[in-house]
Amino acid sequence: MRRTRRMRVWWGKRRRGRNRRPFHIPHSRHLNVWQASLVMVLAFPLVALFGMLPFVFLGHVTPVHAFFDSMAAVTTTGLTCVPAEGSGFPPLLIFWHSLLGWGGGFLFLVLLVTVLPQVSGNFGLTLSARQSIRFIPTYRRMAQSMRQVGGLYIALTLAAAAAFLWTGLSPFQALNRAMLTISTTGDGGFGAFLDDENPWLELAAGVVMLVAGGNLLLYWRSWHLRSLRLLLSDMELKRYLVLLLGAGLLLSWTLWHTGTEGGAAAALRHGFFQAVSFLTTTGYVSADTSHFPDFARYILFLLACSGACIGAPSGGLKIMRLIVLSRMSRLELQRTLHPHMVVSVKVDGLVVEMRIVSRILALFFLYIGMLAVGALVLSLAGLDALQAIGLSAGCLTSTGSTAQLFGVYDMGALPAWAQLFSCLWMMLGRIELFSFFVLLAFARSKQRKHW
């Protein structure tokens, strides 16, 4: 009774305005735009700095080479300053390289569904999953997304390891290949397919790359709703498969017609393998692509710039954004003929907001501009025009093999400043450019306020 009476007296005093104490109302913490941009910009360099330590202590390489290899693995680019096959590196270091690539792919997926929408205006994510859910970048949402995406990511990795184990690889090799393939990292000189000459291994890798290039968010949602129709009716997935089929047939015909890879069977095998590898920005090669005809090399270059589905760990512009750009261009041509016509871009029956379209246009312009600037700077390192363009595109699209298309094999031979500049370009391509420029704009506005 005494306690109840005291509580009533205390509540009466609160209502009369005496001895007030603020209530603590729990609420979800949100990231604002500049905080989200800061997370995107710092995430990959900090992980790369941590990842370079074993390379320095166990790999006997310079700090610049170690940071380059670590950044290339974390951003799933697949470039390396180390000679082929790891130059006798211990198995522990090779496993660490694979783990960095696998973790980098998972980090990108987590940032994709949590932090990136806050910076990039949510473009593309709502379109690919046929739903109107807004991805709210809260800390609780980040933990939930990590559990959802992480479970699927681990399950796909284990399935890929089982597929590679079936082809005759040892458990250690199968796990390494699975982590590098499901994250679309590529070999980076630690086990290229070029020397294996194993068609079954190439088939397993091709299937795993095909799955990894799809929308993992759509996979999870289709599994969660137990709806195969949701997966098969997705427009981006259909365009992804059609583009892969067309590019594979075109590459195979080119290799067969020019006699580059021998008979029709070898041309089909290498043509489709390279097509799925470059489209998913994995960068595996089963043949020396630098000796391919120019037409075939340009196709592979365009495939790498395109990229796969928007919910995949791959790089590039992504097919969904290219669909929106192509439809917007067609509608603008129609509106030129009919000035009073009201146009609206639709994908999968959903109207794309003009805000999303404008951001996709801005991203496309930034990609082209940064590709040109990167090639211009890298040409100062002694590379010719095509080599500089290939290396710049490889860093921005996370496809290191585009540099090999034009004869850039030994990254360690480049000056240290060129390697560090490539690291910057790899980071910018992985965070999809917007975060960096938003952070620069925020810093500039703060500078003006101080002055």
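**View 1. M411 and its contacts.** Setting aside neighbours within four places in sequence, M411 is in contact (heavy atoms within 4.5 Å) with F68, L79, T80, C81, L391 and Q419. The model is predicted: local features need pLDDT of at least 70, side-chain atom pairs count only at pLDDT 80 or more, and totals for chains, interfaces and linings use all residues. Residues are numbered from 1 along each chain as its sequence is written, and side-chain values use heavy atoms, leaving out hydrogens and water.

**View 2. The largest nonpolar core.** This core has 127 residues. Those touching the most other members are F164, L303, L391, M411 and L433. A nonpolar core is a set of buried Ala, Val, Leu, Ile, Met, Phe, Trp, Tyr and Cys residues joined through side-chain atoms within 4.5 Å. Buried means under 20% relative accessible area, exposed over 50%, partly exposed in between (1.4 Å probe, protein chains only). Of the chain's 451 residues, 53% count as buried.

**View 3. L46 in a nonpolar surface patch.** W34, L38, L42, L46 and L49 make a patch of about 420 Å². Its residues have over 30% relative accessible area and no salt bridge, with nonpolar side chains (Val, Leu, Ile, Met, Phe, Trp, Tyr) joined within 5 Å. A salt bridge puts a side-chain nitrogen of Lys or Arg within 4 Å of a carboxyl oxygen of Asp or Glu. Areas come from the Shrake-Rupley method with a 1.4 Å probe; for residues, only the protein chains shown count as cover. L46 is exposed, at 52% relative accessible area.

**View 4. P171 and A161.** P171 is exposed, with a relative accessible area of 60%. The C-alpha atoms of P171 and A161 are 7.9 Å apart. Along the chain, these residues are ten apart.

How values were computed:
Patch = residues over 30% accessible without salt bridge, like charges linked within 9 Å, V, L, I, M, F, W, Y side chains within 5 Å.
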